[in-house]
Amino acid sequence: MNKSKSFKRTVLATSIASLALTGFTSVTFAQEDLAVEEIVVLGVKGAQESAVNSKRSAASVVDSIAAEDIGKLPDATISDSLQRIPGIQIRRSAGEGGSVNVRGLPQVNTLLNGESYLGANSIVSAQPNFGDIPSQLLKGADVIKAPTANILTAGLTGTIDLKTRRPFDFKDDGFTTALGAEVSTGTTTRETDPSVNGLINWKNDKVGILVGGVYSKSNLSNQYAGPAGGGYGWVQLVGLPSDPNKDHLYAGPEGFDAFNKVTERERTGLNISGQVDLGEGFQLITDFFYTKQDEYNRQVGLAAENKWASFNYFTVPAGAAVPQGGLGNFVATKAYDATVSRIQSYSENNEYFSRSQDFNIELKYDNGGPFTSNVRFIKGHASQSNINSYFQSDLFSGDASNTNVWTDDDKNAPGTGKGIRIPGSWVKPNPYGWTGKANILVDYRGADPVWSGWNNKVTGPKGPNATIADYISDIKSYNTAAISSENNYDRTGDLTVFRANGSYKFDEGFITSIDAGVRLSKRDVVDDEWHGTSTFYPGALRKDGTVNAAGCDARWKATDVRFDGDCQVGEMVDGKWVPFTAVGYVPMSDFKTIKVSEYGDVKGIPPVYAVDPNSMDDIPGFHKKFYGNFNHSVNPGDSFIVGLNEQSEFVQFNFKQDIFSGNLGVRVIETELNVKQNITGDGRSYGLASVDNGDRYTSRSYTDVLPAFNIAADVTDDIKLRAAWSKNATALDLDQYGKSLSVGYTIDQVDNNIHRVTGVDFKGNPALDPWRSTNMDFSAEWYTAPGSLLSIGLFKVDIDSFPVTVETQEEWPDLDGIVRRTTKVSRKSQGSGGTVKGLELGAKQAFDFLPGFWSHFGVDANYTYSPSENTYQKDINGKHPEFNDNSKNQYNLVAWYQNEGLQARIAYNYRSERFTGENKSGLLGYQEATTYVDASVSYDINDSMTVSLNGSNITGEKERYYLGTPDQFIYESVYEPRYTLGLRTKF
């Protein structure tokens with residue numbers, strides 16, 4: 001049967017049945033507040049009281065955040081606000097909160113007003129990322145840590161329910177209007193960034209309509225210093241000064257980068273909601289939620305690298321070597337005396353265009369009797385496109401002595417002096433650059449990285465006494481080495497949900513109500529991964545003398561790409577066929593250039609000329625201008641289509657007896673998974689993706705029976721004990737089903753210019769099972785006063801099923817089909833037996849009981865201990881790391897003050913080191929512990945107008961990463977402190 005028709009028929013049948021049982025089929029989510037909410041000026045204290053009340057009345061283990069006022073969540077993004085909740089860990093992107101973990105894992109479902117939400121940042125992944133959602137559109141969020149059976153789309157360790165405002169939330173009839181305007185700036189970017197938001201609501205006792213909108217633009221400093229290219233290899237050097245006769249192993253990076261990076265984000269959000277009281281207990285609700293974000297990541301700076309020639313290109317300065325245990329004689333270092341093949345200026349523009357729209361229509365029935373009902377239809381669509389372009393400009397000459405040049409000699413012998421061939425002539429890649437290699441010192445040992453050695457001499461046209469700095473200061477010394485656009489993607493997702501729920505309340509007895517419902521959902525994702533290629537020299541000759549009418553395509557459009565591989569173009573020179581190179585000599589001055597002197601906290605680098613990354617905003621146009629064409633070349637190994645269809649049913653019994661209350665239920669989820677993968681064939685030269693050899697289709701189904709039990713005991717009027725037990729299941733990130741084989745190659749210019757294999761990755765496996773777990777929770781809550789709470793919670797998550805990456809060293813052929821070495825081969829496999837467990841402590845306390853001035857203060861503090869063990873990987877000491885992205889320790893401290901019109905808040909967030917999932921030649925990657933401090937102050941000028949000042953990352957925290965040991969620095973990201981001045985009014 002056609003699956004689409006089957007889905008539609010099931011929806012129709014269920015609709016008829018549910019409407020026939022209108023008086024019987026509905027359930028109210030325990031976390032959803034259906035009562036009319038009066039909108040008042042909450043402030044910090046009021047927001048805390050609202051969050052405490054939500055937790056107290058919830059049917060399971062729930063934590064909440066609430067907006068302090070219309071359009072005013074307490075942080076820059078909702079992710080920043082969520083991190084104040086115990087068990088929540090976030091990652092910042094350009095200094096703003098983005099992706100979210102709950103209790104150490106990213107398998108967290110996101111709801112919008114109680115049902116599924118399809119966001120542009122989560123088309124493929126399960127992990128929430130709220131970076132594109134304007135926080136002013138939301139009135140708050142619930143984090144549901146222990147599921148009830150009626151939440152049919154619960155995550156593995158938690159579910160985040162985002163809440164928007166609706167017309168009947170407002171008490172007063174007629175119009176309510178709120179407007180806000182802000183200007184922001186950063187200590188590095190120093191731009192004046194605007195933001196405006198507004199809300200208009202009109203209602204009477206029968207009808208209401210609400211329209212809310214947000215527009216903002218921000219420029220965020222996002223500096224970077226670390227390895228070039230990401231490659232690492234083991235280097236054997238004659239070791240420590242104290243032991244010069246013994247060899248030691250060092251981890252050698254491909255090269256070094258220092259970038260000045262600015263992220264520009266332009267956000268637009270819209271929330272439209274309507275409510276109609278139809279009479280006889282019926283209410284119709286419609287919601288439309290829309291987000292749009294355009295993001296430009298523009299970076300420019302300096303790169304020094306060895307161009308894959310060898311990792312053995314540096315020595316370790318005296319005092320910089322730090323012996324380590326594990327891996328035999330491994331010695332860490334943070335300083336490199338490097339003799340590099342290339343020093344380049346580097347520019348890049350990496351762009352993301354994100355769109356999402358979600359429509360909800362809901363019919364509720366509640367006529368005051370024991371029967372209530374709810375029928376709901378959700379339609380969501382999201383898209384995200386990523387496209388990038390980078391520009392490399394060399395300062396070296398590119399002659400044969402540098403081993404980075406092609407000649408007319410078949411063996412590419414040095415010393416011919418011919419240079420490289422373009423139609424009609426021989427050229428040097430850079431006649432004004434230096435010859436040979438250059439020596440610099442890169443030192444990460446201090447608080448700030450330091451580069452030096454610019455006064456070291458190099459050989460070239462400026463004479464025997466010229467230094468590296470002499471060449472760097474002259475724009476004529478820069479050529480166009482490479483322009484490329486690669487690893488781009490276009491993703492679309494569609495979500496259709498139909499849901500019918502019901503509840504019947506009993507007047508007496510142990511069972512207070514029975515809830516039941518059915519949910520059908522259909523999620524389809526198309527992921528098109530591609531490179532931007534260009535066609536070169538159509539009509540030129542192949543080596544066999546025939547004409548290549550189509551020419552040759554290349555992703556790597558560079559001076560060191562010679563068309564003599566699987567596609568050939570060239571010409572006859574003195575009776576001999578000579579291949580063309582992709583790019584000859586083009587001075588960088590032909591492009592729009594800037595002079596770069598800022599590299600975040602990196603010290604010692606002189607001003608460098610580079611192409612202005614803003615000039616690449618129109619990436620296809622930029623490439624067409626230079627190459628004449630720009631092609632969309634699909635990467636079959638990373639492209640896929642996945643369909644995920646679910647039919648879910650639940651039944652839940654709610655009970656209350658004396659001090660005890662709770663619920664017991666079961667949800668049954670029948671999943672149908674349909675995957676279209678591409679079969680990758682032979683590799684191709686010049687950075688092109690492998691050949692597409694057709695399609696592979698996989699269809700499978702599985703059923704999960706997921707019981708859930710929650711019980712609470714009101715020991716006293718102020719003390720509540722809770723316990724919960726549940727089984728949970730969550731689909732994998734869809735790329736883990738859909739991607740297939742990808743093979744990486746790079747040009748090895750030492751080994752006869754071979755395209756050598758650098759890695760083999762079987763990225764997806766449609767036979768993998770979903771994430772599955774068994775969860776337990778125990779907690780105690782003491783409500784010491786209105787808006788005050790002391791809590792302790794214990795949790796354990798036994799993970800029965802999860803994906804793992806198994807890495808082996810295997811022989812694999814280079815692009816020419818010859819096996820010369822082993823390489824790392826990665827495969828997705830089925831894992832089991834992981835555990836995450838921990839402790840959560842929380843305190844929300846208003847100091848009303850203190851005298852005078854001190855009575856206006858309060859605190860919101862929490863600590864989370866969540867150790868985990870990744871049994872499939874080991875660090876250099878043989879120990880297992882935490883689960884990817886989990887921090888063992890996290891604590892938050894928020895101190896606030898509120899008195900009449902004045903409010904102030906300072907928030908301190910600490911997160912211990914986390915495993916990043918990186919593996920460089922057997923060394924695992926970690927992020928060091930971070931501490932962020934944010935603050936805000938506001939003053940109510942009158943009942944209608946408030947002025948505010950907010951500060952984010954006011955201590956200028958940087959994120960630093962290391963390999964295996966803190967003594968082996970790998971890279972850092974440096975975010976700027978930011979300050980926002982705002983004015984809000986409502987009437």
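These questions and answers walk through some strands, a surface patch and a few residues of a predicted model.

Reader: What is the bridge partner of Asp443 in β24?
Author: Begin with strand β23, which covers residues 438-443. Strands β23 and β24 pair in the antiparallel sense over 3 bridges. For Asp443, the bridge partner in β24 is Val450.

Reader: What is the bridge partner of Leu111 in β5?
Author: Look at strand β4, residues 109-112, which runs antiparallel to β5. The two are joined by 2 bridges. Across from Leu111, the partner in β5 is Ser116.

Reader: Which strand gives the largest share of the nonpolar patch?
Author: The patch is about 800 Å² of nonpolar surface, and among its residues are Leu902, Tyr939, Ile941 and Leu981. At least two patch residues come from each of β51 (930-940), β52 (945-952) and β55 (978-986). The largest share is 3 residues, and the strand that supplies them is β55.

Reader: Is Val183 buried, partly exposed or exposed?
Author: Val183 is found in strand β8, residues 174-186, and is one of the residues that make the nonpolar patch. Buried would need under 20% relative accessible area, and exposed would need over 50%. Val183 has 39% relative accessibility, so this residue counts as partly exposed.

Reader: Which side chain does the side chain of Ser513 join in a polar contact of 2.8 Å?
Author: Ser513 lies in strand β26, residues 511-536. With a relative accessible area of 9%, Ser513 is buried. Leaving aside residues up to four places away in sequence, Ser513 touches several others, including Tyr504, Phe506 and Phe653. The polar contact of 2.8 Å is made with the side chain of Asn654.

Reader: How many residues of strand β50 are buried?
Author: Strand β50 covers residues 923-927 and is mostly covered. In a regular strand the side chains alternate between the two faces of the sheet. In β50, Leu923, Gly925 and Gln927 point one way, while Leu924 and Tyr926 point the other way, and all are buried. The count of buried residues is therefore 5 of 5.

Reader: Which residue of the hairpin of β49 and β50 takes a positive phi?
Author: Strand β49 (residues 914-920) runs antiparallel to β50, and 4 bridges join them. The hairpin has 2 residues between the strands, and the residue with a positive phi near 55 degrees is Ser921.

Definitions and conventions
Residues are numbered from 1 along each chain as its sequence is written. This is a predicted model: local features need pLDDT of at least 70, side-chain atom pairs count only at pLDDT 80 or more; totals for chains, interfaces and linings use all residues. Side-chain values use heavy atoms; hydrogens and water are left out. Two strands pair if DSSP finds at least two bridges between them. Patches are made of residues with over 30% relative accessible area and no salt bridge: like charges are joined within 9 Å, nonpolar side chains (Val, Leu, Ile, Met, Phe, Trp, Tyr) within 5 Å. Accessible areas come from the Shrake-Rupley method with a 1.4 Å probe; for residues, only the protein chains shown count as cover. A salt bridge is a side-chain nitrogen of Lys or Arg within 4 Å of a carboxyl oxygen of Asp or Glu. Buried means under 20% relative accessible area, exposed over 50%, partly exposed in between (1.4 Å probe, protein chains only). A polar contact is a pair of N or O atoms within 3.5 Å; within protein, one must be able to donate a hydrogen and the other to accept it, and residues adjacent in sequence count only if both atoms are side-chain atoms. Contact means heavy atoms within 4.5 Å.
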